[in-house]
Amino acid sequence: MPEHAVEVAGVLAELAALEDPKARAVNERHGDDHGVNLGKLRALAKRLKTQQDLAVGLWDTGDTAARLLALLICRPKAFERAGLDGMLREARAPKVHDWLVNYVVKKSPHAEELRLAWTADPDPVVASAGWALTTERVAKKPEGLDLPGLLTVIEAEMKDAPDRLQWAMNHCLAQIGIEHPEHRARALAIGERLGVLKDYPTSPGCTSPYAPVWIDEMVRRRTGRAGA
């Protein structure tokens with residue numbers, strides 16, 4: 001067996017030893033088919049450090065826990081655009097999808113190109129990644145974005161969007177309202193009119209994902225007064 005395959009097999013054995021049926025039951029309720037505690041997964045990644053070849057080998061196993069570990073030890077800038085696109089389309093587990101976008105694609109030189117391509121993709125899960133990258137730009141690099149145009153699309157499409165796409169569009173709506181006072185009133189009005197996630201169960205101490213509440217709470221924390 002090649003040395004690379006031996007390394008992958010050894011890490012898979014470590015992941016199997018970390019498998020916890022209770023963690024799997026919790027994760028599977030969220031669509032994530034693995035049973036490894038994320039704190040232990042991160043500790044393993046810290047020990048392994050950055051290893052791009054091992055990361056690629058772990059990703060290629062298709063195992064969800066192995067893919068999460070791969071995303072923690074990979075070198076984001078080493079991936080080509082087509083490779084990242086293919087990885088996203090394979091990443092059907094929500095946690096793998098989220099970590100790929102947040103830990104890898106956002107650090108890639110191909111992020112903007114992929115943002116544009118994914119946002120227009122007919123697959124709603126792929127499109128949700130495009131919206132996640134758009135939300136990042138709304139907060140950190142809004143120059144060149146058509147914020148009124150984004151609000152128009154959200155107003156027209158968010159209400160009937162599939163769950164993961166709806167969630168991503170709602171996050172973008174809230175981020176526009178939080179970060180850009182000149183668009184806040186419109187963002188609040190869209191959120192109130194559509195009512196998306198208004199009844200979402202929210203744990204004590206957590207902020208509701210319902211955009212008007214989310215916007216008001218974040219603005220209040222920053223300024224001491226509500227967003228409206």
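1. His110 is buried, because its relative accessible area is 18% and buried means under 20% (exposed is over 50%, partly exposed in between, with a 1.4 Å probe and protein chains only). This is a predicted model, in which local features need pLDDT of at least 70 and side-chain atom pairs count only at pLDDT 80 or more, while totals for chains, interfaces and linings use all residues. Residues are numbered from 1 along each chain as its sequence is written, and side-chain values use heavy atoms, with hydrogens and water left out.

2. His110 sits in the loop between helix H7 (94-104) and helix H8 (111-119); helices are DSSP runs of H or I with at least four residues, numbered from the N terminus. Leaving aside residues up to four places away in sequence, His110 touches Phe79, Glu80 and Arg81, where contact means heavy atoms within 4.5 Å. Its C-alpha is 11 Å from that of Ala78, a residue 32 places apart along the chain.

3. His180 is found in the loop between H11 and H12. With a relative accessibility of 10%, His180 also counts as buried. Apart from residues up to four places away in sequence, the contacts of His180 are Val138, Pro142, Leu147 and Gln175.

4. How much of H11 is buried? Of the 17 residues in H11, 12 are buried, among them Leu165, Met169, Cys172 and Ile176. The cover over these buried residues includes H9, H10, H12 and H13. From first C-alpha to last, H11 reaches 24 Å, close to the expected 24 Å; the expected span is 1.5 Å times one less than the number of residues.

5. Helix H12 (residues 184-194) has Arg184, Ala187, Leu188, Ile190, Gly191 and Leu194 as its buried residues. They lie on the same side of H12, because they cover an arc of only 160 degrees around the axis, taken from the directions from the helix axis to the C-beta atoms. An α-helix has 3.6 residues a turn, so residues three or four places apart point the same way. Ala185 and Arg193 are exposed on the other side of H12. Helix H10 (147-157), H11 and helix H13 (211-223) are included in what covers the buried residues. Gly195 follows H12 and has a positive phi, near 65 degrees.

6. The largest pocket has a volume of about 850 Å³. A pocket here is an open set of points on a 1 Å grid over the protein atoms alone, where a 1.4 Å probe fits, with protein on both sides within 12 Å along at least five of seven lines; lining residues have an atom within 4 Å of a point. Points are joined across faces, edges and corners, and the volume is the space filled by probe spheres set on them. Of its 23 lining residues, Pro94, Asp98, Arg164, Trp167 and Ala168 lie nearest the centre. H7, helix H9 (124-140) and helix H11 (163-179) each give at least two residues to this lining.

7. The second largest pocket has a volume of about 250 Å³. Its lining includes Lys106, Ser108, Glu112, Arg115, Glu136 and Lys141. H8 and H9 are the elements that supply two or more lining residues, and H9 gives the largest share, four residues. By class, this lining has two nonpolar, one polar and seven charged residues; Asp, Glu, Lys and Arg count as charged, Ala, Val, Leu, Ile, Met, Phe, Trp, Tyr, Cys and Pro as nonpolar, and the others, Gly among them, as polar.
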